[in-house]
Amino acid sequence: MPLTASCVYAVHDPLAQTCTIALAGHPPPVIAHPDGTTEMPDLPAGPPLGTTEGPPFAATTISVAEGSVLVFLTVSLPRNSPSPATLQRVLAHPERPLQDLCDDVLYRLRNDTRHSDVVLLLARTHPFPADQVATWHLDHHPQAVAAARTHARHQLILWGVDEETAYTTEMIVSELVTNAIRYGTPPVQLQLIKDRTLACEVHDSNSLAPRLRHAKTIDEGGRGLFIIAQLAQNWGVRYTLDGKTVWAEQSLPPATTAQ
């Protein structure tokens, strides 16, 4: 008999205030909303990990309000859990400390788990600070590259980013926007995000992935992603329903991140 395992995978986007969830033979998380109501969203479930049969995994994106609590639980818990009304009473005040909520749930389940292993993971959602994000919509024209660099330069000055990091960011912006203009599809959007790191994201409506090339000496182009890979700490591609986002991330000096 093959060895299998269940899994739930969730990614919270604090900018869009959404959560993307995929299930592999595992129950979805319980969501405790700020108004005290709870729900277990009806999501498509894929087969457990390790199996060879079943449909492919489906990821579903749902909106999650600020201050909601996501409650992830083991497979045995829904089968042995108290009634939905009891769980709702436990999570009726999601503003309580997460450890208190977790202890309360486990206390009420102490006689219902039938000695099964129970694991709870609670996470409270918070939006990303609006003043730490800057977004611009760009024309699908080569002149947009210069405009994007200007936007980035002014924003980095406002954030107090050091000169070396700002110069590198301008180069990354230039290469990402150039690729989006040459090979992407409008609309094109540039976004800078300042947190513990400085992230640059460029979105366009073409879902085709860019390819890292090693251009020959006589080639006039094809070095964009190679340059980004050299300058950035991390980079990658994130796919969406309306295209893709190519992102690059740099570390920030401690003095910058402390502001």
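This is a predicted model: local features need pLDDT of at least 70, side-chain atom pairs count only at pLDDT 80 or more; totals for chains, interfaces and linings use all residues.
Local features need pLDDT of at least 70 and side-chain atom pairs count only at pLDDT 80 or more, while totals for chains, interfaces and linings use all residues. Residues are numbered from 1 along each chain as its sequence is written, and side-chain values use heavy atoms, without hydrogens and water.

A nonpolar core is a set of buried Ala, Val, Leu, Ile, Met, Phe, Trp, Tyr and Cys residues joined through side-chain atoms within 4.5 Å; buried means under 20% relative accessible area, exposed over 50%, and partly exposed in between (1.4 Å probe, protein chains only). The largest such core has 29 residues, and Leu 138, Val 173, Val 177, Leu 190 and Leu 192 have the most contacts inside it. Elements giving two or more residues to this core include α4 (144-159), α5 (163-183) and β10 (188-194); helices (H or I, at least four residues) and strands (E, at least two) are DSSP runs, numbered from the N terminus. The most residues, seven, come from α5. Another core, of twelve residues, lies apart from it and includes Val 71 and Leu 91.

The lining of the largest pocket comprises 13 nonpolar, ten polar and seven charged residues, where Ala, Val, Leu, Ile, Met, Phe, Trp, Tyr, Cys and Pro count as nonpolar, Asp, Glu, Lys and Arg as charged, and the others, Gly among them, as polar.

Pro 186 and Pro 187 are joined by a cis peptide bond, with omega about 5 degrees. Gln 17, not a glycine, has a positive phi of about 55 degrees.
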